[in-house]
Amino acid sequence: MSDATRALIRLVAALALGAVVFAAVAQAPSAPRPRIGLVLGGGGARGGAHLGVLEVLESLRIPIDCIAGTSMGALAGGAYAAGASPTEIQEIVGKTDWINMFDDSAGRQSIDLRHKYLDDRYYSGLEFGVSRHGIRFREGALAGEKLKLFFNQLVRAELGDRTIEQLPLPLAIIATDIGTGERVAIRTGNLTSAMRASMSVPGLMAPVQREERKLVDGGLTDNLPVAEVKSLCNADIVIAVNVGSPLLKPEEVTGVVTVLGQVVNLLTEQNVEKSRLLLRSQDIYIQPDLGDITSTNFTRQLDAAKRGRIAALAASDQLKRYSLPEKEFLAWQGSVRFAGQPVAPLVDKVEIAQTRFVNPETLRSGIGQKEGEPLDSASLARDLVDEYSKGDLLSLDYSVVRERDRTILRITPVEKPWGPDYLRFGLGLASDFRAESDYNFRALYRRTWMNSLGGEWLTTAQIGSEQGIHTEFYQPLERAHYGYTRFFASAGLRKLPLFFGGDRLAVYRIQENRAGAEAGVNLGVYGQASVGWVERSLGSVLDTGPNAFLNASEKLGGPLATLSIDTYDQPFFPTRGVKLDVTHFDAVRASSNAPGFDPYSRSEARFGAAWSHNRFTYLVGLEGGTALKGTLPLADAFTLGGPRRMSGFAHDQMLGRDYMFGRLESQYRLNFRSPLYGLSLIAGVVAEAGRMDKLLTETSLSGWQRSYGAYLAASTFLGPVYLGVADAKNGKGRFYLFIGSP
């Protein structure tokens, strides 16, 4: 055999061997990719960084096999596991009004006039339940109603009930059992209630009841759940994102709020360090530099997302080791992402879950969704917040379920466990730093849902500079509460100062008792109109000073008509809206011990309007009152003087039987209220003009009087705080301090 032949044989054999090896390699299964678990830690608003990290993971084509999240990590992880893309989540977060997210109510504009009056005078945040078991208080400052509905929007709950076990990605959400202190990993059940539970900061948000446990923020026990994600899908690789708040420096811990914040930070940092010890060399740890973004800066979540993106890109060399080819990644992405644009289902039936005292038909009348029409989830959310704002419920949620071939919209109201009988309080303190100082403490007992139409009985009592007690029974006439009747009785005592030459020379005690009944209509949530009959007993008796007027008593009876409109967005420092109050009383039956007394009528109207541009708010006020017939007795005379009612004069300095008044005001908001604390600081200037005719006191102040003032004010949990100074040509000028509700 020649050398050439042997060489040819060797070449053929080599080619054959290569073909066999190639075929074997081609037929051998590819090595499975490592399972990747994603850990998203808690950190309040700092959790916005998770959105930037998720965005980078997708751009690098990193598949995720399971997610464990705590608090804001539960929000981002839950939405992502449910099928929302990082871009979609960021768009929704960016469009959300985070200033109002932590205000459970629909806003003052959506509350009916009766509840506006009660909220303005009695602190809704200090509402106690009264029962045979004693007095009970709420379990959190916030119920988280809007937050829960926001979660529904994120996970598209309108397409059907989203349970964790049915999600395309395995998910575990961490919470804490407030009763036992145990860490709770939620892997099944309703997704959005689990997300809400994981974010329930104790004291700030009410706990969530799940499976006979009361659950609060998971950050207390496991703020970076590394062990959970390893257990969830036996993850080979863990990507852990820590957005927790760093500990404050000793010099930064200066008050109660910072002390409490530091305690929470200490608890979370301790369990985070334990979790970090579980990370291995192949795992990836990302801690974005979030600078001055705090856990409560919810309006800066997109800023946090940018910083999360930067941190993830810095770790891209490590992350790229687990990138998939584009085709494989798109296949994975398609298996976990929402499919196309959602199509709203047709609602075949609307069901209201069983309630303890609230009439389900009344709830249904306030929900606009009609059977047989596509579900309008945005309108439904607004209606639910409006119904929640009426004050009877702890939460109001919805789910969309399929039963056979029918789609059912199920509304789930949870009534306040401390209702339906409530106790509230109010406080008012005022001083002009001279002789005038007032203080009033008031209490309200309110018993609701005494019948199926929502009849309620309330009693109020006040002690201080003005004393009184009032009781009434309010009865709606049908379930939508358009019409109503009201029966009332009250007794009160106040002091009326009499001024002469700018000095207070006398004080009269004014006693008034009244009882009556009225029928009225609610003008949507913006107003009321009523007519009725009232019996009144008036008395004016000298308390101190010279006897300028005879002691007098009057017995009166006659029709009373009222009209009230209130669209203000805030009760004391509105930025938009109008307010109108008109009253007319005709004493058709009257008697008095004073000589020359005649039956009289008394009419008064007060109008205000507010509008804003950027940080400036402009307000106008107009008032007037007159006796259309007869002469007003001392106890029923009109007054002018005091803050924002001729501020350059003493409180009630001008007393007479006809008056006109106007006010122009400009306010500048020194800050915008934070999402959680709601505090606004305001600087204002005011110009006023008033005229009192048929003067009973200060007879030298005839004609138009003018006053100018400036003030600093704030809205606080105690109500408005107002510190002002004012002067007038014919007045002595005043400093004013006012705290609480008037």
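A: Helix α4 (residues 86-95) packs with helix α11 (residues 301-314) at an angle of about 150 degrees, and their axes are 9 Å apart. This is a predicted model, where local features need pLDDT of at least 70, side-chain atom pairs count only at pLDDT 80 or more, and totals for chains, interfaces and linings use all residues. Residues are numbered from 1 along each chain as its sequence is written, and side-chain values use heavy atoms, with hydrogens and water left out.

Some terms come first. Helices (H or I, at least four residues) and strands (E, at least two) are DSSP runs, numbered from the N terminus. Axes are lines fitted to C-alpha atoms, for helices over the stretch in contact, and angles run from 0 to 180 degrees between N-to-C directions.

Back to the pair. The angle makes α4 roughly antiparallel to α11. Angles under 35 degrees count as roughly parallel, over 145 as roughly antiparallel, 65 to 115 as roughly perpendicular, and the rest as oblique. On the α4 side, the contact uses Gln90, Val93 and Gly94. On the α11 side, Gln301, Leu302, Ala305 and Arg309 take part. Contact means heavy atoms within 4.5 Å.

Now set a second pair beside it. Helix α7 (residues 145-154) and helix α8 (residues 191-198) have axes 9 Å apart and pack at about 135 degrees. α7 and α8 are therefore oblique to each other. Lys148, Phe151 and Asn152 of α7 meet Thr192, Ser193, Met195 and Arg196 of α8. Their crossing is right-handed. That term applies if the near helix is turned clockwise from the far one by less than a right angle, and left-handed if anticlockwise.

Next, helix α13 (residues 326-336). Which of its residues are buried? They are Phe329, Trp332, Gln333 and Val336. These four span an arc of only 100 degrees around the axis, so they sit on the same side of α13. The arc is that of the directions from the helix axis to the C-beta atoms. An α-helix has 3.6 residues a turn, so residues three or four places apart point the same way. The buried residues of α13 pack against α2 (49-59) and α3 (72-82). The face turned away from them carries the exposed residues Lys327, Ala331 and Gly334. Buried means under 20% relative accessible area, exposed over 50%, and partly exposed in between (1.4 Å probe, protein chains only).

On to a sheet. Three strands form an open sheet with mixed pairing, in the order β13-β15-β14. β13 (349-352) and β14 (393-403) stand at the edges with a single partner strand each, so one side of each has no neighbour in the sheet. The twist averages 20 degrees from one strand to the next. β13 pairs with strand β15 (residues 406-415) in the parallel sense over four bridges. Two strands pair if DSSP finds at least two bridges between them. Ile352 stands opposite Ile411 in β15. Helix α15 (residues 377-388) lies across β14 and β15, at about 150 degrees to β14.

Finally, strand β29 (residues 654-669). Strand β27 (residues 616-629) pairs with β29 in the antiparallel sense over ten bridges. Phe616 has Tyr668 as its bridge partner in β29. β29 and β30 also run antiparallel, joined by 13 bridges. There, Ser666 is bridged to Val685 of β30.
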